[in-house]
Amino acid sequence: MIPIVTADEMYAIDREVTERIGIRDDSLMENAGQALFRVLKERIPHTARVAVLVGTGNNGGDGLVIARMLKSYGYDADVWLVPPQEKVKGAARTALEVYERSGYSWIAYEGNERAFAARVPHYDVIIDSLLGIGIKGDVRPPYKEIIEQVNRTSATVYAIDVPSGVPADGGDVSTAIRADVTLTVQCPKLGAYTFPAADYYGEIAVVDIGIPPLAVQVKTDTRFLWEHSDVVQTMPKRKRSSHKGTHGKLLIVGGSKEMSGAVTMTAKAALRSGAGLVTMAVPETVYEAVASCVPEAMYRLWPAEGGAFAGVADWAGLDIDAMAIGPGMGRTEGVRRLVSELVRQPVPLVIDADALFFWDDYAERVRERSAPTVITPHPGEMARIVHRSIREVEHDRFGVSKRLAMEYGVYVVLKGPYTIVTTPDGAQYVNATGNPALAKGGSGDVLTGIVAAFLLQHEAVQPAVNNAVFVHGQAADWLVQNGHSLWDVLASDVIDALPAVLARLGDGAQV
């Protein structure tokens with residue numbers, strides 16, 4: 001797991017390293033620049049014409065170390081110092097002096113604005129070390145004009161730590177570098193995983209600069225990027241002696257006359273994800289529509305009214321270990337009554353889709369539950385739950401998720417690009433798999449099935465939920481890498497891709 005930090009947390013980490021641990025700030029900057037250069041050297045062709053854009057502060061200092069190393073290795077690199085030289089202070093000043101004493105020159109932007117404008121379109125690579133994580137408010141001249149000119153070029157743009165102009169903690173963006181690759185220093189910043197800020201990052205590569213892990217642990221919240229290695233380490237292994245009961249008995253409650261497909265996709269996804277026994281509770285009037293779709297499942301026919309659940313559950317002889325509710329249920333009065341009854345059941349519970357529509361009716365019962373509860377809202381559903389606008393939710397995805405999870409003691413899966421999983425104690429995990437192919441009806445129903453199946457098979461809830469989200473996204477990635485486009489992927493395709501993803505995870509291989 002890689003920690004994700006706010007700007008204030010990163011500053012606190014830097015102070016911990018320099019003031020308590022005792023690594024000098026200029027040594028830390030040298031380490032950072034060297035580590036960043038090693039990554040860039042593997043990516044930038046030796047024949048490329050390179051521009052390094054240097055601002056004040058630590059970000060500019062990192063750029064100066066990178067520029068020195070580029071020149072030492074024979075790269076054709078121009079260094080543009082944007083602020084007046086006297087404004088470069090602290091460790092960045094030391095980096096500039098070392099650069100000069102190494103025999104290398106730089107170009108002052110001030111007074112050479114026209115020359116910069118004439119030359120910037122001809123660079124093959126531009127390294128952005130202008131502003132860093134300290135940006136507040138709108139970008140001011142001359143940085144605004146420089147950024148706009150860079151964005152008009154066809155050069156490959158590498159941003160150092162964050163794209164200049166993008167708030168490190170996310171939020172609205174006015175003028176900012178649109179990077180092809182962002183080399184984030186030691187820890188990704190919060191804004192890399194929230195929109196619209198994330199749109200400016202391009203590919204994100206985390207560069208370890210040697211900060212002691214203890215400094216990160218004591219200065220940050222529990223907020224991590226959940227990685228492939230975490231999945232491989234926590235995925236359960238099947239024993240040769242196992243049988244269908246070993247991997248759990250799941251009840252999926254969903255379906256209606258208008259939406260009979262959703263519950264079948266949830267059931268198929270659960271079975272593909274290893275659930276031992278799956279029973280589908282559906283309104284009796286839709287049984288014929290769903291029965292042939294999932295022959296591996298068992299069925300419970302509950303009373304129907306108007307093509308949806310009438311509000312009465314039949315528990316006679318039903319033995320279950322977990323339950324998933326919501327896919328395709330509809331939003332009738334009968335469904336309202338049924339959902340309020342279902343949340344009373346003392347088994348692990350996944351709540352999704354239409355069941356979330358009635359959150360206010362049963363939220364207090366959820367708070368009282370002792371068995372784990374997982375809710376999987378998309379931003380619109382989350383907005384309804386917390387009584388805020390979708391815009392407010394999207395601008396505070398981490399905060400909204402954390403408050404809800406801790407208030408009700410639930411696991412919150414806030415879906416979307418960079419899905420966030422939040423545990424009842426406030427720990428947060430970001431998933432980076434998946435792509436826009438998942439922006440289609442049915443994707444959430446598939447995820448619900450995977451989450452429910454993994455709950456039955458993992459020893460702990462947190463890795464079960466995180467692994468389910470990871471696998472769901474990686475199935476979409478596998479499809480796009482193997483003949484599908486971002487447009488044509490269906491939710492059923494994601495289910496069909498699960499065997500390939502799970503097989504490779506079992507081998508420990510990247511998909």
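Q: Which residue in E8 is the bridge partner of Val181?
A: Two strands count as paired if DSSP finds at least two bridges between them, and strands (E, at least two residues) and helices (H or I, at least four) are DSSP runs numbered from the N terminus. Here the bridge partner of Val181 is Glu203 in E8, and strand E7 (residues 181–185) pairs with E8 in the parallel sense over 5 bridges. This is a predicted model, in which local features need pLDDT of at least 70 and side-chain atom pairs count only at pLDDT 80 or more, while totals for chains, interfaces and linings use all residues. Residues are numbered from 1 along each chain as its sequence is written, and side-chain values use heavy atoms, with hydrogens and water left out.

Q: In what order do the strands of the sheet lie?
A: The open sheet has 7 strands in the order E4-E3-E2-E5-E6-E7-E8, with parallel pairing. Strand E4 (107–108) and strand E8 (203–207) stand at the edges with a single partner strand each, so one side of each has no neighbour in the sheet.

Q: Which strands pair with E5?
A: Strand E2 (residues 49–54) pairs with E5 in the parallel sense over 5 bridges, and Ala51 stands opposite Ile126 in E5. E5 also pairs in the parallel sense with strand E6 (residues 156–160), over 4 bridges, where Thr156 of E6 is the bridge partner of Val125.

Q: Are the residues of E5 buried or exposed?
A: Buried means under 20% relative accessible area, with a 1.4 Å probe and protein chains only. In strand E5 (residues 125–129), 5 of the 5 residues are buried, so the strand is largely enclosed by the rest of the structure. In a regular strand the side chains alternate between the two faces of the sheet. In E5, Val125, Ile127 and Ser129 point one way, whereas Ile126 and Asp128 point the other way.

Q: At what angle do H2 and H3 pack?
A: Axes are lines fitted to C-alpha atoms, for helices over the stretch in contact, and angles run from 0 to 180 degrees between N-to-C directions. Helix H2 (residues 25–41) and helix H3 (residues 57–72) pack at about 55 degrees, with their axes 8 Å apart.

Q: At what angle do H3 and H4 pack?
A: H3 and helix H4 (residues 90–101) pack at an angle of about 20 degrees, and their axes are 8 Å apart. Angles under 35 degrees count as roughly parallel, and H3 and H4 are therefore roughly parallel to each other.

Conventions
Angles under 35 degrees count as roughly parallel, over 145 as roughly antiparallel, 65 to 115 as roughly perpendicular and the rest as oblique. Buried means under 20% relative accessible area, exposed over 50%, partly exposed in between (1.4 Å probe, protein chains only).
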